[in-house]
Amino acid sequence: MNNRHLSVKEDDLYSGYNDYNPLFDCKELENDASFQDATKSNQGKRIHLQPCRTPMPSVSRPMTAAVQSGAARPMSAISAAGYSSSPTRSCSNFDPLGQCRGPAPPLEEKKDDTPEEKIKLLEKNVNDLITESCMAQSMGNSQLALEKAREAGRKERALGRQREQSGNAEQINVDLTYAVLLNLANQYENNEMYPEALNSYQVIIKDKMFANAGRLKVNMANIWVKQKNYPKAIKLYRMALDHISDDYKEMRIKIMQNIGTVFVLLGKYSDAVASFEQIMSKSANIRTAYNLVLCYYAIRDADGMRNAFHKLLAIPLRVQHEDKYIAATDDIKSNMLLEVIKNDKLHKMERDLKARADNYVMTSAKLIASAIEASFAAGFDWCVDSVKNSPYAELANDLQLKKAMTFFRQMQFDQAMKILKEVAKQDSRVKSAAANNLSSLFILEKDYKQAEHYADLAMNADRYNPGAFVCKGNTEFVKQDYAKAAEFFKEALRNDSSCTEALRNLGLTYKKLNRLEDALDCFLKLHTILRDSAEVMYQLADTYELLEDPHQAVEWLMQVISVVPNDPKALAKLGDLHDQEGDKSQALHYYCESFRLFPCNMEVIEWLAAYYVQTQLYEKAIHYFERAILMQPSEVRWQLMVASCQRRSGNSQKALETCKEIHRKFPEDLQCLRFLVRLCQDMGLKEVHDYTSKLKKVEKMKELREQRAKADREGSTRNRRTDSTDATTTDGVPKGERGVGPVTSLPASGEPFETSGSPKELDASYADPLGPLANQPRTGGVKKRVEDDVFPGEDVGDELLPD
C-alpha cells in the first residue's frame, strides 16, 4: 500500500479555450440597452444591425472603462466610438457596413467605336464568310461559295486598311490573309475560272510571309492538267516536289503518281515507267503496280509486263479475311455484334479495296495474256499459274472463265466448252457460273437436253444464283411448258430482284400465256431499271397493241424512235399503227422513212406500192415493184404488176414488151398469157391467135398434171390399204398388175391442141394483176404480228435471254 498512490484528477489541458468575454457576444447586443442607446443617432434614428453569424475571436483586449447598466458607452482615448455630436455631419450614424452610401454605380458600357473593337469585329466577319463559303461548296453551290469568298477578300482588305489607320499595321493576321486567298483560289478553280485561280495562287506563292506556300504549285499543276497543258503541269509538279522535304513521304509519292499519269497522257510511256518504278521502289501500292503493267503493255515489253504483274500480286492488301465475320458460336450477343461489324463502314471499305484489287489483277491478266507468249492460251496459262501461287489464288478459276469467254469471242467453241466443263467439275465458288455458261451455250446450239442438265447442275451448286434459274426457265420455255418456265423466272427474281434477264423472259412468258396485264407489269418494271432500252419500249408498245390500245402503243413507239431514230422496223410498225387508225399521211411518212433506211423489207415495199396504185400514181408504184423484183426475181406477180402499171398509165406498148419478156422467162405462166391475149386484143395485133393457142396448151397441160397428181395420191392410198392382203385383187385387177388409162400424147410444136372428149370452152378471161391492190380497201396495211419476231435493230427480240 505504501507503493500505491491514488489517482488525482488532473487539469484539463484544453480547458478555457471556449471561455470568452460576454461583452463580445454579438447575439446579445440586441438585448443590451446601453449598446442600443449608443447606436442611436442625434436625430433619434436607429440603425438595425444584423446579428453576427461568426463568433468573435477569443483574443480579448483590455477594456477602456467599465460598462455600467444604463450608462452611455465610454469613449476611447483617441476618437469617438463611431458617432459624433456634430448634427451637420452627413451619415453620422454608426455604419460599419457602409449601407448609407446607397447602391453601387452601374457598370460602364463597352464602347464599339474604338479601333480595337472594330478590328476584332472585322476579323470575326471575315472568318464567318470563309466558313459560309466552304459550307456552300460542300452543298454543291459553287456560285454562292465564290461570292462569299470574294466578299471575304473585300472584308480582309478593309481590315488591313483599318489596322494601318489605327497604327497597328505590324499586328496583321497572316493566317487570316492566307486563308482568304487560298479559299478564293479554290472557289475560282471549282467554278472553272482557271486564269483567276492561277493568279490567286501566284499571289500566295510570291508573298514571302507565307511559309510553305510552294506546295500550292501542285494545285496550279492540276489546273494545267485540266487545261491539257501537260508540259507545264509536269514542270510545276517537279517544282512542288522540290519544296517538300523527305519527311512528307506520302505527299511526295502522290505528286510522283501525278507526274507518271501526266506522262501517260502525253504518250511518253517510258518516262511514265521510270516514275512508277521509282514509286514502287519507295512505297509500292496496288494502283501504281496496275499503271506499271499498263505502261509496259503500251511499249510491248513482255519481260516488263511479267515483272510488273509479279509486283502487283506481291503487294499485301492487309485486309482481314471474311471468315472472321461468320458466326461460329450460338451466342446471341456475339452474333449480333458480328452482324453490326459486318455492315459498318470499315468493312465496306475493306470490301471495296479487295474488289478493286481483284479487278486490277483480272484486267491485267486479260490484257497481257496475248502479249507475253506466242499464243493467247499459253499467256493465260502463265497468268493462271502466277495467280495460284499468290494471295489471289481464289481468282484462278475466275481467270479460267475469262479464258473460256475469250475463246468464245474467237469462235473457238470446243476449247471454251472444254475449259467450262473442267471448271464445272471443281468444287469452287465459280462452279455454278461455269455450269450456267455451259447451259446458255447449249441453248444457243439448241441442245436442250444438255442445257437442262447443266442448268440443274448450276442450281444445285448455288441455290441463290439467279442465272441458273433463268437457264432452267429457258429450257422449259423451249419445251413450251410456259407455266413451269414462269415459276423458274419468278424464283430467279426472288434471289435477285434486279435480274433483268429473268424479268424480261417472265414478261415474254406471260405473253405466251396470254396474261397480257401481267406481261405489261413486267415490262414496266423492267423499264424503270433500263430507262433507255429501246427493246423494252418496243415490247411495251407491242403489248399495248395486243391489249387493243393503239394510242399507248404509238406513244411507246415514239419513245423507241427517240432512242434509235434509224430503226426501220420500228418506223414500219409506226406506219402500220397509223394505217390501222386511218391516218394515211402519217402512215406514208413512216413507211417512206423505213424504206429509206432499209429498202429490202417486202412488207414496206408492198404497202408503198399498193398506196401509190390506190392514188393512181403508177410511175411511183413501178419504182417499188421493181425493188420487189430485185428482192424476189422468181416471183412472177411483181413483174406482171409492173406491166399492169404501164398499161394503166397509158403505155400499152411498153406493157406488151414487158409481158413478152415475162413470157420468155416463164413460158407456162397462165396469168402472163392471159395478159398478153388481152393486150393484143386491145391493140388489134395478129399475135393474139398465137398467144391464145399457147394459153390452151398450157391450160391442158396444167389440167393433165393435176389429174395425174390426183391419181397418184389415190393409188398410194389404195396401196397402203391392200398391203395386208395376199394375192387379192382390187377392182378386179390382180395384184402386181396396174391399170393404166389411155395416154394422150402432147401436140407437136405449132399444132393446135385437141382433146378426144367434148370440146371445152377456153378460159381466156383477163384478170388484172393490180385488181386486188387497186380495188380492195386496205384497212390494216401489211400487218404482221411481231410477238415471235426479232426486235428491230437488235439481235434478240422475243428470244429468251440466257444469263
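**Helix packing and salt bridges in a predicted model**

Helix α9 passes helix α10 in a left-handed crossing; left-handed means that the near helix is turned anticlockwise from the far one by less than a right angle, right-handed that it is turned clockwise. This is a predicted model, where local features need pLDDT of at least 70, side-chain atom pairs count only at pLDDT 80 or more, and totals for chains, interfaces and linings use all residues. Residues are numbered from 1 along each chain as its sequence is written, and side-chain values use heavy atoms, with hydrogens and water left out. Helices (H or I, at least four residues) and strands (E, at least two) are DSSP runs, numbered from the N terminus.

**Helix pair α9 and α10**

- Helix α9 covers residues 269-282 and helix α10 residues 286-298; they pack at an angle of about 150 degrees, with axes 9 Å apart.
- Axes are lines fitted to C-alpha atoms, for helices over the stretch in contact, and angles run from 0 to 180 degrees between N-to-C directions.
- α9 and α10 are therefore roughly antiparallel (under 35 degrees is roughly parallel, over 145 roughly antiparallel, 65 to 115 roughly perpendicular, the rest oblique).
- On the α9 side, the contact (heavy atoms within 4.5 Å) includes Tyr 269, Phe 276 and Met 280. On the α10 side, Leu 292, Cys 295 and Tyr 296 are among the residues met.
- By class, this contact has eleven nonpolar, two polar and one charged residues. Ala, Val, Leu, Ile, Met, Phe, Trp, Tyr, Cys and Pro count as nonpolar, Asp, Glu, Lys and Arg as charged, and the others, Gly among them, as polar.

**Helix pair α6 and α7**

- The axes of helix α6 (residues 217-226) and helix α7 (residues 230-243) come within 8 Å and cross at roughly 165 degrees.
- α6 and α7 are therefore roughly antiparallel to each other. α6 passes α7 in a left-handed crossing.
- Residues of α6 in the contact include Met 220, Trp 224 and Val 225. They belong to a contact whose α7 side includes Leu 236, Tyr 237 and His 243.
- The contact of α6 with α7 divides into eleven nonpolar, two polar and two charged residues.

**Salt bridges**

- Side chains of opposite charge can pair when their charged atoms come close.
- The count is 35 salt bridges (a side-chain nitrogen of Lys or Arg within 4 Å of a carboxyl oxygen of Asp or Glu).
- Arg 163 pairs with Glu 123 in a salt bridge, with the closest N and O atoms 2.2 Å apart. Arg 163 sits in helix α3 (residues 142-166) and Glu 123 in helix α2 (residues 115-138), 40 residues apart.
- Both Arg 163 and Glu 123 are buried (buried is under 20% relative accessible area, exposed over 50%, partly exposed in between; 1.4 Å probe, protein chains only).
- Arg 306 and Asp 303 meet in a salt bridge at 3.0 Å, N to O. They are three residues apart in helix α11 (residues 302-314), so about one helical turn separates them.

- Glu 452 forms a salt bridge with Lys 472, the closest N and O atoms being 3.0 Å apart.
- Glu 452 lies in helix α18 (residues 448-461) and Lys 472 in helix α19 (residues 466-478), so the pair ties together parts 20 residues apart in sequence.
- Glu 452 is partly exposed at 22% relative accessible area, whereas Lys 472 is buried at 7%.
- Salt bridges that share partners join Glu 452, Asp 456, Lys 472, Glu 476 and Lys 479 into one network.

**Ser 364**

- Ser 364 is in helix α13 (residues 345-368) and is buried, at 0% relative accessibility.
- Beyond its neighbours within four places in sequence, Ser 364 contacts Tyr 290, Val 293, Phe 309 and Leu 312.
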